[in-house]
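Colleague: Hey, can you walk me through this one? I'm new to it.

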Amino acid sequence: MEPEVITVGVDGSPASLAAARWAADEAGRRQSALRLLHAWILLAAQAPETPPDRDRNAGAREVVRRAREEIRERHPRLRIIEDLVGAEAEAALLGAAGESQMIVLGSRALGPWESYVLGDVSLNVVGRAKGPVVLVREEGPAKAPRHEPPGGPPPAPEARVVVGLSLNGPCDRTLDFAFAAAALRGLPLQAVHGRPLPVHAYTPWGLDPDAATELTKEADVELRDALGPWCERHPEVPVRRTVLPESPSRALVQSVFGADLLVVGRRLHRPPLAPRLGPVAHAALHHVTCPIAVVAHE
């Protein structure tokens, strides 16, 4: 049976509080319990009746208390589990992943150098967890794409769930999560696939429009076939297909503005010397501001 707990890592930062609010909303939709997990390697073992002035864990308890009080205002009936763990944050979160529907984490904005070198806890958990991990940025105004189209600014974004699909292998877990998320929110689902143009599509006088059209049509048929079984299982979810003659990363970043949630996949078993996250997930973490669900698959 699927675990009925959503775990959110809290550390007192604005990003982790935003993650706690998002996780509480999701737990309410799924009728699940919410676990507030705070990991502190120096957590001391002490009796429950320890006086406040001698409580060496007072700071850790305050982190969880603050998150709990914020959530209680939004979800007074939500079941909340407080969990203080004496361990490194990464180990505690990975341990909780096997007992949770998903792990939810706050995420700061990362540049390419930081994300590859600094060993950010969120990125390490995303790259190693076997279940879904959702990264939530600190709440703020949505940012439009940097480059506006020639015809002027983009139209007002439509609330929706976006899923990026590579079509190079199994994507059942990714689609299962994406369709369920759209159904729970009562939102449409936009499936995005990017496919770079082959070399023969480029001619000395420019891009061959016939080659681009042919490739896009072929990819759209493949995308439609991949979505077919899931559309039958979720007839209540309107689905829109977007195929762009771009790299998968660029196609996704261009298509996600205004989305409520972005869902991308991650291979569980990557080559030993390859990074744990592929280029699409990295691009999303660097450039997308809405919550991002990274779903591990075979």
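This is a predicted model: local features need pLDDT of at least 70, side-chain atom pairs count only at pLDDT 80 or more; totals for chains, interfaces and linings use all residues.

Colleague: OK, so is Arg185 buried or exposed?

Modeller: Arg185 has a relative accessible area of 15%, so it's buried. You'll find Arg185 in helix 6, residues 172-185.

Colleague: And what does Arg185 touch?

Modeller: Leaving out residues up to four places away in sequence, Arg185 touches Trp22, Glu26, Arg29, Val161 and Leu261.

Colleague: Switching to the sheet, what's the strand order?

Modeller: The order is 3-2-1-4-5-12-11-6-7-10, in an open sheet of ten strands with mixed pairing. Strand 3 (80-85) and strand 10 (239-244) are at the edges; each has a single partner strand, so one side of each has no neighbour in the sheet. On average, neighbouring strands are turned by 25° against each other, direction ignored.

Colleague: How do strand 1 and strand 2 pair?

Modeller: In the parallel sense, with five bridges between residues 5-9 and residues 33-39. Gly9, for instance, has Leu37 in strand 2 as its bridge partner.

Colleague: Which strands does helix 5 lie across?

Modeller: Helix 5 (residues 121-128) lies across strands 4, 5, 11 and 12, and runs at about 155° to strand 5.

Colleague: Where is confidence lowest?

Modeller: In helix 4, residues 112-117, with a mean pLDDT of 40, while strand 6 (residues 161-164) is highest at 97. Residues 145-149 also stay under 50. For the protein chain, the mean is 83.

Technical notes. Residues are numbered from 1 along each chain as its sequence is written. Side-chain values use heavy atoms; hydrogens and water are left out. pLDDT is the predictor's confidence in each residue, from 0 to 100. Helices (H or I, at least four residues) and strands (E, at least two) are DSSP runs, numbered from the N terminus. Contact means heavy atoms within 4.5 Å. Buried means under 20% relative accessible area, exposed over 50%, partly exposed in between (1.4 Å probe, protein chains only). Two strands pair if DSSP finds at least two bridges between them. Axes are lines fitted to C-alpha atoms, for helices over the stretch in contact, and angles run from 0 to 180 degrees between N-to-C directions.
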